[in-house]
Amino acid sequence: MIPYIIAVLIVGLPFILLESSVGLKFKESIINSYQKVNNKLQIVAWIIPLTMFLIITYYICIVGWDLIYFFLSFTKAWGPDPNTFFTVSIAQSNTAFHFVPLVGIAILVIWALVWFICRKDLNDGIGKASNILVPLMFVIMIGIVIYSLTIPGASIGLQEYFAIDWNAIWDFNIWLAAFGQIIFSLSLGMGVILTYSSYLPDKTNITKNTAITIFANCGFELVNAIGIFSILGFMVLSSGIPFDQLIVEGTGLAFIAFPQVFNVMGTGSHILGPIFFLCILIAGLTSLISMLEVVTTSIGSKFEFSRKKATTVLCLIGFFISMIYATSLGSYLIGIVDSMLNNVVLIFII
């Protein structure tokens with residue numbers, strides 16, 4: 001927690017203030033804003049929306065997987081071995097190169113939703129969607145946390161979550177993970193904050209907005225972790241697997257570890273499972289529309305496209321690129337592209 005808090009104070013806070021100030025001052029796309037700061041920055045500025053667009057093309061596949069699992073969760077259709085099910089039936093990464101129709105359809109549905117929301121004017125599209133999806137996500141999360149605290153083994157997870165290990169403060173990887181989490185979760189250097197700030201009234205109190213943004217983001221992460229660790233504590237109790245061997249990251253946690261938990265949870269999992277995957281779906285959609293807004297405003301302002309035209313063109317191009325990840329090589333390619341963009345390109349941009 002100490003590296004996390006320090007990362008918030010020395011990276012999260014100043015970066016949001018900086019991006020908000022630039023967006024509020026110039027009220028332009030990230031391309032035009034950077035150009036007004038310094039004409040030489042225009043090249044760097046173009047790297048940002050391009051990177052965002054490439055992230056969208058593979059991230060939308062992960063959201064598509066979640067959409068599939070949302071429907072599977074009602075009947076636990078992943079069966080007794082979620083690991084094999086994900087590898088063989090969903091990603092199909094154990095077979096020769098071929099197209100996976102189910103994943104392709106899920107990607108198409110998510111792209112259609114993103115296009116439907118983003119093609120409209122800001123208030124009618126993203127504004128209305130956010131007013132519904134963000135509060136709904138918070139309500140769902142609170143429901144998951146409250147329920148998770150009532151299940152057997154929750155105390156095991158909470159003990160692990162709140163345990164103090166002072167030696168960890170000297171671990172460089174802990175600091176790296178903390179700063180990486182803050183950069184990614186607050187979308188620092190990605191143009192999202194700058195783009196949204198460009199729509200704000202001139203007299204907006206950006207200091208207050210920054211404090212609210214950081215408090216809401218970090219509060220959501222820390223409270224959500226209570227539910228996650230409580231559920232994993234249940235898994236430790238029911239399976240006998242030590243906590244350090246149970247923890248996995250990313251898609252493994254969402255599509256393998258949690259289905260394993262739901263398999264042994266009983267009747268409550270028929271409610272918790274769909275709610276869990278719905279929460280991830282909402283979080284994914286809100287992230288996608290935020291990233292696409294950066295690209296849409298950049299393309300629209302530079303080439304004088306209407307919002308609807310820019311969104312439609314980008315969604316069509318993005319859909320065809322995303323089909324690469326709807327193949328049996330999809331999960332493998334996502335790992336490579338994600339590592340390159342997040343560990344190399346985004347660090348360079350920031």
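Helices H13 and H14 cross in a right-handed sense. The model behind this description is predicted. H13 covers residues 269-303, and H14 covers residues 307-322. Their axes come within 9 Å of each other. The crossing angle is roughly 120°. H13 is therefore oblique to H14.

Which residues of H13 and H14 make the contact? H13 contributes Leu292, Glu293, Val295, Thr296, Ile299 and Gly300. H14 answers with Arg307, Ala310, Thr311, Leu314 and Cys315. Sorted by class, the contact holds 6 nonpolar, 3 polar and 2 charged residues.

Cys315 leads on to the cysteines. How many disulfides does the model contain? The count is 0. A disulfide would need two cysteine sulfur atoms within 2.5 Å. For cysteine 118, the closest cysteine sulfur belongs to cysteine 315. That sulfur sits 6.6 Å away, so it is too far for a bond.

The cut-off for buried is under 20%.

Next comes helix H12, which spans residues 251-265. Valine 261 is found in this helix. Its relative accessibility is 1%, and because of that value valine 261 counts as buried. What does valine 261 touch beyond its neighbours within four places in sequence? Its contacts there are Ile231, Phe234 and Met235. Take the phenylalanine. Valine 261 and phenylalanine 234 are 27 residues apart in sequence. In space, their C-alpha atoms are 7.6 Å apart.

The last stop is helix H3, residues 42-72. Glutamine 42 lies in H3. Is glutamine 42 buried or exposed? Its relative accessible area is 15%, so glutamine 42 is buried. Setting aside residues up to four places away in sequence, glutamine 42 touches Ile31, Gln35 and Lys302.

Notes
Residues are numbered from 1 along each chain as its sequence is written. This is a predicted model: local features need pLDDT of at least 70, side-chain atom pairs count only at pLDDT 80 or more; totals for chains, interfaces and linings use all residues. Side-chain values use heavy atoms; hydrogens and water are left out. Axes are lines fitted to C-alpha atoms, for helices over the stretch in contact, and angles run from 0 to 180 degrees between N-to-C directions. Helices (H or I, at least four residues) and strands (E, at least two) are DSSP runs, numbered from the N terminus. Angles under 35 degrees count as roughly parallel, over 145 as roughly antiparallel, 65 to 115 as roughly perpendicular and the rest as oblique. A crossing is left-handed if the near helix is turned anticlockwise from the far one by less than a right angle, and right-handed if clockwise. Contact means heavy atoms within 4.5 Å. Ala, Val, Leu, Ile, Met, Phe, Trp, Tyr, Cys and Pro count as nonpolar, Asp, Glu, Lys and Arg as charged, and the others, Gly among them, as polar. Buried means under 20% relative accessible area, exposed over 50%, partly exposed in between (1.4 Å probe, protein chains only).
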